[in-house]
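User: Could you walk me through the strands in this one? I'd like the terms spelled out as we go.

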Amino acid sequence: MACSSLIQLARVCGAEGVVAGTEKLYMVAYNDLVPNSVTQLTYSAATNGVINDIFLASGKTFVEVGLLKETVGVTETLTKSPQNGVAFWTQTLPIVLSDLTTENRLWIESVLNQPVAFLLKTKTNKWLVGGLNGQLELSAAEGGTGVASDSLIGYTITFTGVSTKSLPQVNSTIIADLI
């Protein structure tokens, strides 16, 4: 692979006050995305990597996932091996669903055996997307009644996937067409 010059990464003055966390989460079955006939990708991106379109099947949208406050956040970890030329990001999205309801059980069953994609709105008002390559799937689930009065009664589920790119930002002007 040809190496390129580094770009300048200016630290924005005032960025010290950002707040971590997730404000909103939406998901869609990967099968509800439609590959572009030319690129075979389920999205298009600007030259800077910002997603400017996500191709959904007719009538399909990302559905909102109800969140408990401060229980959802995405992480990604780079794995790189110069010896064999491998480099990829492992992306992990844990979600906590409150209560052992029929709705929660049916939603878990709907994502159990298929890849998904997600749209995540951060508390800094940025939109991120993952799973557009069909590699994000439910990897773990645990549910229970809890023990003490303040224990979680519900489910903790985790989605895990890999990508050759870190999580891209989504142009916020397309969100209304997706949800």
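Analyst: To begin with the terms, strands (E, at least two residues) and helices (H or I, at least four) are DSSP runs numbered from the N terminus, and two strands pair if DSSP finds at least two bridges between them. This is a predicted model, in which local features need pLDDT of at least 70, side-chain atom pairs count only at pLDDT 80 or more, and totals for chains, interfaces and linings use all residues. Residues are numbered from 1 along each chain as its sequence is written, and side-chain values use heavy atoms, with hydrogens and water left out.

User: OK, which residue takes a positive phi in the hairpin of β7 and β8?

Analyst: That is Asn125, with a phi near 70°, in a hairpin that has 4 residues between its strands. Strand β7 (residues 116-122) is antiparallel to β8 and joined to β8 by 4 bridges, with Leu119 opposite Val129.

User: And what else does β8 pair with?

Analyst: Strand β11 (residues 169-170) also pairs with β8, in the antiparallel sense over 2 bridges, and there Trp127 stands opposite Val170.

User: Are the β8 residues buried or exposed?

Analyst: Trp127 and Val129 point one way, Leu128 and Gly130 the other, and all are buried, meaning under 20% relative accessible area with a 1.4 Å probe, protein chains only.

User: Switching topic, what is the strand order in the open sheet?

Analyst: The order of its 4 strands is β5-β6-β10-β9, with antiparallel pairing, and β5 (75-81) and β9 (137-144) are the edge strands, each pairing on one side only. Between β6 (residues 86-98) and β10 (residues 154-163) there are 10 bridges, and Ser98 stands opposite Gly154.

How values were computed
Buried < 20%, exposed > 50% of the residue type's maximum accessible area, 1.4 Å probe, protein only.
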